[in-house]
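Please examine the model below alongside its sequence. The account that follows is meant to be read with both in view.

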Amino acid sequence: MSAHLSTQELVDALEGTLPDARQAHLTACEACSREIAELTGVARETQLSGEVPEPSPLFWDHFSARVRTATEAEAIRPLSWWERAWQPIVAVSAVAATVLLAVLVFKGRSPETVPIAPASTTAAAGQTAVEPIDDSSFDFVVRVASGSTKDELHAARPSADTTAAMLEDLTPEQQAEFIRLLKTDSINNEQ
Amino acid sequence: MRIGPESALSADWTVWDLTMRRHEGQGGASTRTGEIADLTGADDRTLVQAFLDGRRDAFDVIVERHRRNVYQLCYRFVANHEDAADLAQDVFVRAFKGLRNFKGDSSLGTWLYRVSVNVCLNRAAIKRPALAPIEAAPAADPRAIDPLARVVQGERAEVVRQAVAQLPPKQRATVMLRVYQELSHEEISQILGTSVGAVKANFFHALGNLRRILKSS
């Protein structure tokens, strides 16, 4: 005879979701059958004891009014622009980090597929060799690594409205500093 | 045993109600009743978003939609109407304060159950449920066919409720969510923050403990 049902299998059997393969054991095993019969009795008796008396119909309106009164003093703090902007930024950053990790892992596992440029060549060019990434497989890795659908990834991008709102909320000094940083970054990239 | 909840817990999250309208800026023209009427048919996700946009009336609809489930769960923890109503109110006040933290990973109903279990277990740690003595079990319905059987049934139900109240907190919560609220193991795992396997193990041990307690009583 096969092994007795495990704890989880006993619960599955109780709820009628035990796989057929294990059902055969249950049919043949007196100990497991007795256990299931007893637990079923306890579960049924427990279910019967759980009746909740229905409150008066007036209670529900009264209850809603109580909750409203109790929360009236509480202010609703709507999500600020930076919280709305921050969530997609965090999501996109997390996806980017995951993708980067996945790419590094892939490269680490199959070194023969990565052509290693001679050090002198790379140094002479002053650049690092970058492997071209196939778009469809890249998208696939992004989706698998992030556990998100394509639509979810698309929705996670900050919208143009969000960016505009972010800029509008900046003071003139902050805007000037922002533009200066962009210019600095742009110059650094060109170099 | 039926598996899978109905009503509010099966709210359709894929539908985004684009008809939601803002009432800010309309001065006193929009009444509270009018605002509720606009959101009554909205799905839970829309309600949460409307609330986070500052619409207090959205929370009224959330309360109206989920108050019965929350109250019933609270009642099962404390076994009396007054305490259950207080606890349910506490649940919604906490939900009001914490709705910003609701990520939408589970349904709003599941999230509210999670808040409810936390509130009820915290209360239970302070105050034991005020269970009626067995002799004070509900009186028999005079119209019942077999009054004696009904009395016996009522007394037995009280014994079982007392047995459930003696279970360790997580086992107790598991029994209530599985047997009484009829949630799936997956939903219970989200509410209790454990794995499905742990939920099944808790459920099994809870039933085993109930069997032991009931045999000795």
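The structure is a predicted model. Chain B contains 9 helices and 0 strands, and the order of its elements from the N terminus is accordingly written α-α-α-α-α-α-α-α-α. Of its 217 residues, 53% count as buried. Among contacts in chain B with a separation of 6 or more, 67% are between residues 24 or more positions apart.

Over all chains, a search of the whole structure finds 11 aromatic pairs. One of them joins W60(A) and Y71(B): the ring centres are 5.5 Å apart and the planes stand at 85 degrees, so the pair is edge-to-face, given that planes over 60 degrees apart fall in that class. This pair crosses between chains, with W60(A) placed in helix 4 (residues 57-72) of chain A and Y71(B) in helix 3 (residues 56-78) of chain B. Both W60(A) and Y71(B) are buried.

A further pair lies within chain B. The rings of F59(B) and F96(B) have centres 5.0 Å apart and planes at 85 degrees, so this pair too is edge-to-face. It links distant parts of the chain, since F59(B) belongs to helix 3 and F96(B) to helix 4 (residues 81-98) of chain B, 37 residues apart. F59(B) and F96(B) are both buried.

How do these rings relate to other aromatic residues, and which residues do ring pairs link into a cluster? The cluster takes in F59(A), W60(A) and F63(A) from chain A, together with F51(B), F59(B), Y71(B), Y75(B), F92(B) and F96(B) from chain B. The two pairs described above, W60(A) with Y71(B) and F59(B) with F96(B), thus have their residues in this cluster.

Leaving aside residues up to four places away in sequence, T174(B) touches V179(B), I188(B), L192(B), V199(B), N202(B) and F203(B).

Definitions and conventions: Residues are numbered from 1 along each chain as its sequence is written. Chains are lettered from A and ligands numbered from 1 in the order in which they are written. This is a predicted model: local features need pLDDT of at least 70, side-chain atom pairs count only at pLDDT 80 or more; totals for chains, interfaces and linings use all residues. Side-chain values use heavy atoms; hydrogens and water are left out. Rings of Phe, Tyr and Trp (its six-membered ring) pair if their centres lie within 6.5 Å; planes under 30 degrees apart count as stacked, over 60 as edge-to-face and the rest as tilted. Helices (H or I, at least four residues) and strands (E, at least two) are DSSP runs, numbered from the N terminus. Buried means under 20% relative accessible area, exposed over 50%, partly exposed in between (1.4 Å probe, protein chains only). Contact means heavy atoms within 4.5 Å.
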